[in-house]
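Welcome! Here is a short tour of the charged side chains in this structure, written for a first look.

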Amino acid sequence: MIPLPPVWFVGCGQMAGALIEGWKKAEVDFSEAVIIRPSGRPVDGIRTVRTIPDEPSPLRCVLGFKPQALHAVAPKLAPRLSSTTVLVSMLAGVEVDTLRALFPAVQAIVRIMPNLPVSERRGVTALYSKDAEPGLQQRMLGLFGLLGRTHWARDEAEFAAIGAVAGAGPAYVARFIAALAKAGEERGLAPGLAQAIALETVAGTALMAEARGETMDEVAGRVASPNGTTEAGLAVLDAEGCLDRLIAETIAAAAERGRQLAEDARKG
Ligand SMILES: NC(=O)c1ccc[n+]([C@@H]2O[C@H](COP(=O)([O-])OP(=O)(O)OC[C@H]3O[C@@H](n4cnc5c(N)ncnc54)[C@H](OP(=O)(O)O)[C@@H]3O)[C@@H](O)[C@H]2O)c1
């Protein structure tokens, strides 16, 4: 088993739950972990409580609730953390300076932006800190590296850009798979079959491109023969940068929401 230092998970919904699922698959030892969540909903094999326990401050404290709850949680949590605690925040948009003002005593603050496939150990996690020393950075990269690809961002702008693509990305990819499946249904395929083949096509394409080290142009080029059926389809997707524009606008809308969340968190 891989040891985990004493840790509190404050909030354990979709994202923190996915991290825990991935780490369980990697045989991480949760015997020193506590989950704190208002519902008290149990998580298999991990002590779960409804309120902050009256116990010594943990070495790690993971913030896994929504950014909107920050100013309700921080006044109760901050006095319970000490100069030996590393605060790990997954709160989208909430900057380290905002967190530092709310948690002045903690040793270091590390922002993380994972995505849901961490549950399968095929995730992407961006990390960023202003005050984590190199040893801590290495330990954090090691822990999140158990769950897939990691990247230590050089600044919060790069961190936000990774979040925009990878953090939110599974939702956009899910929509693309659904659209592909719907088109299959419209051509007479049974819904279950259409969904299964759309899913496998996306997963298989990503796997193949990664294994062969191919660019996406090379992948598309190997499918499409000149004047053939795929090329006719690509002409629609590519017309006036149709798909590129749609995705750019999608990411821009999410980034704008991130800016609003950061501003709300700064104001309190
Ligand atoms: N979902 C994603 O793909 C994703 C990706 C990257 C980052 N994030 C970030 O992850 C965070 C959580 O998102 P999520 O999607 O996991 O949300 P979620 O599924 O709604 O989970 C929210 C969690 O917060 C808990 N909570 C609510 N109020 C609380 C309080 N006052 N004190 C302690 N815990 C409280 C809830 O407790 P109960 O379980 O008891 O209801 C729940 O466990 C967000 O900050 C988000 O920006 C999410």
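**Charged side chains at a glance**

Glu214 and Arg212 join their side chains in a salt bridge, 3.4 Å from N to O (a side-chain nitrogen of Lys or Arg within 4 Å of a carboxyl oxygen of Asp or Glu). This is a predicted model, in which local features need pLDDT of at least 70, side-chain atom pairs count only at pLDDT 80 or more, and totals for chains, interfaces and linings use all residues. Residues are numbered from 1 along each chain as its sequence is written, and side-chain values use heavy atoms, leaving out hydrogens and water.

- Glu214 counts as buried at 13% relative accessibility, while Arg212 is exposed at 52%.
- Buried means under 20% relative accessible area, exposed over 50%, and partly exposed in between (1.4 Å probe, protein chains only).

**Salt bridges across the sequence**
- The whole structure holds 16 salt bridges.
- One of them pairs Glu120 with Lys25 at 3.0 Å, N to O.
- Glu120 sits in the loop between strand E8 (108-113) and strand E9 (123-129) and Lys25 in helix H1 (residues 14-25), so their pairing ties together parts 95 residues apart in sequence.
- Helices (H or I, at least four residues) and strands (E, at least two) are DSSP runs, numbered from the N terminus.
- Glu120 is partly exposed at 48% relative accessibility, and Lys25 is partly exposed at 42%.
- Glu21, Lys25 and Glu120 are linked in a salt-bridge network.
- Arg122 and Glu210 also form a salt bridge (3.3 Å, N to O).
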